[in-house]
Amino acid sequence: MLKISRYELGPIAANCYVLTDEEGKRAVVIDPGAPEGVLTSALDGLTVEAVLLTHAHFDHIGGVDLMRKTFGCPVWLHPSEKDWLTDPRLNGSARWPDVTPPISVDPPERELNDGDTLELIGETFRVLHIPGHSPGSVGFLCGNVLFGGDVLFRCSVGRTDLPFGDAATLERSIRDKLYVLPDDVVVFPGHGPATTIGEEKRENPFVRAARG
Ligand SMILES: [Zn+2]
Ligand SMILES: [Zn+2]
């Protein structure tokens, strides 16, 4: 059984998820948003097999360098955002100097594409490309758990007014890639509390389950 720990990191409280295997020996980190000691403490003594990024906005990548330097782990990102880690204008850190220092780190070691299956910490993660909030947004589906980034929140959806965002694309991603999943899939989003696919299909005011 996968063990999931959630940490709210950084100036705008992005969710970072630390996933560990049953024996507590191997870990995957999803969206290390800030270089905070709580994260390195949580991972102390573990083999960090990967840093998986749901997308490369600054609030999700601020701890990437710390993870690489401390654990020597590869970073995975969708190819349409492959230049975002190095470029503070693309990752948005140049836009809010009051909130974050500029972030420029090495590019990703590995790429994530729609339909890929990743074998990590003894689990299988399926990659879903769900663009709209950003062009390279992906979700990671592991059993009946989805780590969905800033696409679908509890009773809300990701903003689409940032550069390269697109509302129609976001809606299509949610309808065609997420609402087709079983109702009992638990969604762990990039901000805020968890929800389920069934709950969002019933309650989400932004993207209804069916048109009309
Ligand atoms: Zn974002
Ligand atoms: Zn975010």
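Me: Is Gly62 buried or exposed?

Reply: Gly62 is buried, because 26 other C-beta atoms lie within 10 Å; a residue is called buried if 20 or more other C-beta atoms lie within 10 Å of its own, exposed if 12 or fewer, and partly exposed in between, with C-beta atoms placed from the backbone. Please keep in mind that this is a predicted model, in which local features need pLDDT of at least 70 and side-chain atom pairs count only at pLDDT 80 or more, while totals for chains, interfaces and linings use all residues. Residues are numbered from 1 along each chain as its sequence is written, and chains are lettered from A and ligands numbered from 1 in the order in which they are written.

Me: Where is Gly62 found, and what does Gly62 touch?

Reply: Gly62 sits in the loop between helix H2 (58-61) and helix H3 (64-71), where helices (H or I, at least four residues) and strands (E, at least two) are DSSP runs, numbered from the N terminus. Leaving out residues up to four places away in sequence, Gly62 touches Gly10, Gly33, Ala34, Pro35, Thr100 and Ile103, and two residues are in contact if their C-beta atoms, placed from the backbone, lie within 7 Å. Thr100 is 38 residues apart from Gly62 along the chain, and their C-alpha atoms are separated by 8.9 Å.

Me: What about Thr40, which residues does it touch?

Reply: Thr40, which belongs to helix H1 (residues 37-43), touches Leu66 and Thr70, again not counting residues up to four places away in sequence. The C-alpha atoms of Thr40 and Thr70 are separated by 7.8 Å, although the two residues are 30 apart along the chain. Thr40 counts as partly exposed, because 17 other C-beta atoms lie within 10 Å.

Me: Why does Phe164 count as partly exposed?

Reply: Phe164 counts as partly exposed because it has 16 C-beta neighbours inside 10 Å.
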